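The following account leads the reader through a structure, one site after another. Please keep the sequence and the coordinates in view while reading.

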Amino acid sequence: MKKRNKIAMIGSGQIGGILALLTGIRKLGDAVLFDVVEDMPQGKALDLSHLAPVFDLDFRVSGTNNIADIAGADVCIVTSGVPRKPGMSRDDLIKINADIIRSVGEGIKEHAPDSLVIVITNPLDVMAYLMQKVTGFDHRKVLGMAGVLDTARYRSFLAEEMNVSISSISAFVLGGHGDTMVPVRSYTTCNGVPVEKFISAERLDAIEKRVRGAGGEIVNLLKTGSAFCSPAASAILMAECYLQNKRKLLPASAYCQGEYGVDGLYIGVPIIMGGNGLEEIVEIELSDNEKQQLNKSVEAVRSVVSEL
Ligand code: APR
């Protein structure tokens with residue numbers, strides 16, 4: 001009998017709850033919410049199972065404090081950790097979140113050894129690296145979600161600036177998920193027309209600066225946590241590409257072995273995502289300035305990895 005897809009949320013806080021909601025809405029399969037906080041994942045699961053009949057969604061959600069309940073998961077999406085508070089950088093989270101990733105990584109390795117793991121916990125590229133080391137999974141099955149979100153932010157600001165449909169804007173943000181990320185202007189277009197034809201270099205500089213700081217802008221407004229709807233949607237898109245073998249070209253934090261001159265590190269690069277997880281890393285030609293920016297971003301990630 002064909003089994004239903006099972007998507008496990010490792011961490012059921014702000015992002016975890018939206019991930020379970022979107023799993024149902026996008027009809028990806030059944031959701032399991034795991035967290036260390038007693039009763040909370042069970043409460044969220046019950047609430048979500050009452051939403052399912054409203055939209056006639058045929059999906060089941062359960063909540064648990066026992067990581068063994070993720071057994072058989074096809075996809076694990078990891079948000080366990082602490083989010084930023086105003087004034088904190090993503091790298092400030094490293095000590096607490098690295099311990100949490102080590103512990104949940106062991107659980108994933110034991111109970112969901114065949115799953116695809118999508119890491120959202122920050123600092124993102126470093127936590128994806130650590131997750132792959134702890135689980136020992138094939139690097140194609142451990143990816144970090146950042147590029148889809150950073151690119152969505154770039155597209156959103158550009159569409160607003162040009163007053164055009166969001167679907168007309170195609171863009172790429174590469175590099176580490178931090179202040180050194182690289183919005184790749186040379187591949188950013190409105191229906192194939194370079195965005196520089198419509199927006200001045202000064203305005204593009206300002207928009208790209210806002211993209212780099214967009215996560216922090218939200219942290220400062222929320223005051224008690226970080227963005228949660230758009231990160232969840234971005235990870236769900238990646239899960240969809242895997243479960244439906246879409247072979248979509250998207251930016252994600254992936255283990256590089258010489259690509260872009262990076263060896264032995266997770267960094268945001270364009271990948272084809274399909275039924276094997278990472279199908280391939282696509283090398284695009286960058287301008288000298290973009291190459292320089294990417295190298296700077298790689299060094300920033302490398303220095304945080306060395307703190308592990
Ligand atoms: N196992 C499982 N869950 C854990 C563990 C653990 N060892 N330690 C902490 N958690 C849970 C917390 O109990 C909390 O419910 O992780 C959840 C995190 O949820 P939130 O605090 O609401 O944070 P969220 O906004 O979801 O962000 C999570 O994603 O974007 C990043 O920077 C962000 O690293 C943060 C992560």
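Cys-190 counts as buried because its relative accessibility is 10%; buried means under 20% relative accessible area, exposed over 50% and partly exposed in between, with a 1.4 Å probe and protein chains only. The model is a predicted one, in which local features need pLDDT of at least 70 and side-chain atom pairs count only at pLDDT 80 or more, whereas totals for chains, interfaces and linings use all residues. Residues are numbered from 1 along each chain as its sequence is written, and side-chain values use heavy atoms, with hydrogens and water left out.

Cys-190 is one of the residues touched by Phe-198, together with Met-162 and Val-193, when residues up to four places away in sequence are not counted; contact here means heavy atoms within 4.5 Å. Phe-198 itself lies in the loop between β11 (193-194) and α6; helices (H or I, at least four residues) and strands (E, at least two) are DSSP runs numbered from the N terminus. With a relative accessible area of 45%, Phe-198 is partly exposed. Phe-198 and Met-162 are 36 residues apart in sequence, yet their C-alpha atoms are 7.5 Å apart in space.

The structure holds zero disulfides, a disulfide being a pair of cysteine sulfur atoms within 2.5 Å. For Cys-241, the closest cysteine sulfur is that of Cys-76, at 18 Å, which is too far for a bond. Cys-241 is also buried, with a relative accessible area of 0%.

Helix α6 spans residues 201-212 and contains Glu-208. Is this glutamate, Glu-208, buried or exposed? Glu-208 counts as buried, because its relative accessibility is 6%. Beyond its neighbours within four places in sequence, Glu-208 is in contact with Tyr-154, Pro-183 and Arg-185.

Helix α7 (residues 214-222) has Ala-214, Gly-215, Gly-216 and Val-219 as its buried residues. The cover over these buried residues includes α5 (147-162) and α6. After α7 comes Lys-223, with a positive phi near 70 degrees.

The structure also holds one aromatic pair. The ring centres of Tyr-255 and Tyr-266 are 5.6 Å apart and the planes are at 50 degrees, so the pair is tilted. Rings of Phe, Tyr and Trp (its six-membered ring) pair if their centres lie within 6.5 Å, with planes under 30 degrees apart counted as stacked, over 60 as edge-to-face and the rest as tilted. The pair links distant parts of the chain, Tyr-255 in strand β12 (residues 248-257) and Tyr-266 in strand β13 (residues 263-274), 11 residues apart. Both tyrosines, Tyr-255 and Tyr-266, are buried.

Further along, Val-282 lies in the loop between β14 (277-281) and α9 (288-305). Its C-alpha atom is separated by 7.6 Å from that of Val-269, 13 residues away along the chain. Apart from neighbours within four places in sequence, Val-282 is in contact with Leu-249, Tyr-260, Pro-270, Ile-271 and Ile-272.

The ligand remains to be described. It is surrounded by 23 residues, of which the closest are Gln-14, Ile-15, Asp-35, Thr-79 and Asn-122; a residue is near a molecule if one of its heavy atoms lies within 4 Å of it. A backbone N or O atom lies 2.8 Å from a ligand oxygen atom in Gln-14, 2.9 Å in Ile-15 and 3.3 Å in Val-82. Taken alone, the ligand exposes 730 Å², and the protein buries 86% of that; accessible areas come from the Shrake-Rupley method with a 1.4 Å probe, and for residues only the protein chains shown count as cover.

Conventions: Polar contact = N/O pair within 3.5 Å; in protein donor to acceptor, adjacent residues only side chain to side chain.
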